[in-house]
Amino acid sequence: VTAQSPITHYPSPAKRRLGGVIQQAILLIASVVALFPLWFMVWTAIRDKDDYFRAPLGWPRSIHWENFAQAIEANIGRWVVNSTIVTVGAVLLVTLVSVPAAYAFVRLPFRGSDLLLKLFVFLMVIPPIVMLLPLFSLMNALGRVNHFDAVIVAYAGLMFPFSVFMMVRYIEGIPNELYEAAFVEGASHVRILWSIVVPLIAPALVTLGIVNALWAWNELLIAVVMLQREESRTLQAGLALLKGKNTMDIPLVMAGATISAIPLLLVYLFGQRVFMSGLLAGAVKE
Amino acid sequence: VVANEQGSSLALGQQSGVRLPLPDASQTSKRNRPRWSHGTGWYALVFLLPSLVLVGLIFIYPVYSLVRMSLYQSLGSLSLYVGLDNYRVALNDPLFLISVRNNLVLMVCVPVMIVIALGLALLLYEQRKSAPVYRFILFVPYIISITVSGIAFSAMLTKNGALNQMLEAIGLGALRQDWLGDPKIALLSVGGVIIWREAVLGIVLFVARMLTLSTEPLEAAMVDGATRWRAHWNVTLPQMRGIIGFYAITSVITVAVWTFSYVFVMTNGGPGNATMTADLYIYQNAFTVAQMNLAAAAATLVLIAAIAVVVVAGLLGRAGRSRGVEGSRSRAGGRKA
């Protein structure tokens, strides 16, 4: 091979520009595919039934905001409240359980603690359908079916393996010197956890909270089984069953689906920044 | 000190049904272990007690109870030990076999998801300037619940739905289908929706991994005359083996045992039983036809399958590494800086 400037091996500028255009086009198409169902949902939610059946993709003949009011009347307002209770409860519970556990794994190791942590993390693999039958029987025997506490505990349990895994990794990142200084001053483990560890991992706690909240908000299987009364359903379970009942009034179902997607999209808009600030906070401390 | 790009992708990864640790999970570093140790046992117990109770209640007791349930037959308040009879019934139930077959057919989604996710991740890597916008958009399918997108897709995929109308509009009317109503293609349509959503996890994981790679080998390959894509094929891809493997395992578990939300919302197993899957089979047996013991046997088989996938994947991973395959494992997990 003769000595050549490396630059000559790159494609010509025109060719590269063409390549760039093609790449942009593919990304654009992928974006349309990603967003289309969401757009379709909103597009359908604002029109009336006949209009939808006439031309699902055409311009709405008239805009029917009352679909949203109707959807809220069809229990969706109630379900939003239920989903919020269940989500907030489960996220708080799993945080309260997993942070001290993670602290113990990192700072108070004992014989077999590595194995126990491995077991906890391994539990992530087990699908909820496996636990569901016995859990239902148990909650039924305890009279907790149709009560939120059963679902909150079940969600917290299912979110626990991931949460403790994530918290262990963050708490491991706290330098030893900080603990030793506190320990010399006679601080107890409870105090160290509360006034040193928790503030330091606060960004991670927010990230974990958002991730867990999205999971809990979107969960369907356990909600369908554990909350069977119409007025105690979560939003996802309610919507899934509303869809089964209203095969003809698709705009109504779409209005309900739109209402349920809005908080998530807001969390996502806001959450992306929280993720970033968590990352930056870590970088600054370094 | 705290997070890096991988940490966030890991967190985002939790959005899918399956939540697996990244490859080097659970290997806690020993570097920060405390030096004192007297009297810590009680503290450890107190700090771990709530989690032991929770895990016992939600995992240990149910698994024990499930296996027990699968060995008995309830008749009213009576419970008879029947050994493996329920398993025999399940394995001879044509519907269960159809369900398992459907889950296996859905496995074809996994390679498709990997290819799509890799392609889009590479494009995002190449088009760095506009990547944040696209990344934001491409992640949306993962934010919307399966219930909501399932509702939208079932409306779009009907005979007179949006998809068929679009096909007509662009002159491809011949491709019109009753996407969810035709037993021959309903399962593939469900698979398409699964790909639409689950490929997102792959994109996120792959982009995060690519951003940790050094650009030098890639540039060196191009200096040696390789085209950009050739260089990606020869240089970038081999370094991504670990994370691709991780994503593949996660996806296999998703299509094997986490399809409930998709089929429950879109088809409820129909038409006929064309889209019946194992977890829907268990759900229906337990809660609509009250065959709890049969459902328990099927659920136990699902549990065994899920564990088997992870164990086999772990063994394959170990074998791959000991053959000296690119050791991306240690880096894929994104150790803290």
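Contact, for this tour, means heavy atoms within 4.5 Å. The model is a predicted one, in which local features need pLDDT of at least 70 and side-chain atom pairs count only at pLDDT 80 or more, whereas totals for chains, interfaces and linings use all residues. Residues are numbered from 1 along each chain as its sequence is written, chains are lettered from A and ligands numbered from 1 in the order in which they are written, and side-chain values use heavy atoms, with hydrogens and water left out.

Select both chains to begin with: 111 residues of chain B and 115 residues of chain A take part in the contact between them. The area buried there, that is, the accessible area (1.4 Å probe) that two parts lose on being put together, summed over both, is about 10300 Å², and carbon and sulfur atoms give 74% of this.

Next, pick helix 2 of chain B (residues 40-70), which supplies 19 residues, the largest share of the side of chain B that touches chain A; helices here are DSSP runs (H or I, at least four residues) and strands likewise (E, at least two), numbered from the N terminus. By class, that side of chain B has 73 nonpolar, 25 polar and 13 charged residues, where Ala, Val, Leu, Ile, Met, Phe, Trp, Tyr, Cys and Pro count as nonpolar, Asp, Glu, Lys and Arg as charged, and the others, Gly among them, as polar.

Of its 337 residues, 56% count as buried, the classes of relative accessible area being buried under 20%, exposed over 50% and partly exposed in between (1.4 Å probe, protein chains only).

Within chain B, select B:Ser189, which lies in helix 10 (residues 186-212). B:Ser189 counts as buried because its relative accessibility is 10%, and, leaving aside neighbours within four places in sequence, B:Ser189 is in contact with B:Leu157, B:Trp179 and B:Leu180.

Move on to B:Asn268, in the loop between helix 14 (260-266) and helix 15 (278-287) of chain B. B:Asn268 is not a glycine, although its phi is positive at about 50°, and with a relative accessible area of 40% B:Asn268 is partly exposed.

Finally, bring back chain A and select A:Asn146, in the loop between helix 5 (128-141) and helix 6 (148-172) of chain A. A:Asn146 is again a residue other than glycine with a positive phi, near 75°, and A:Asn146 counts as buried at 18% relative accessibility.
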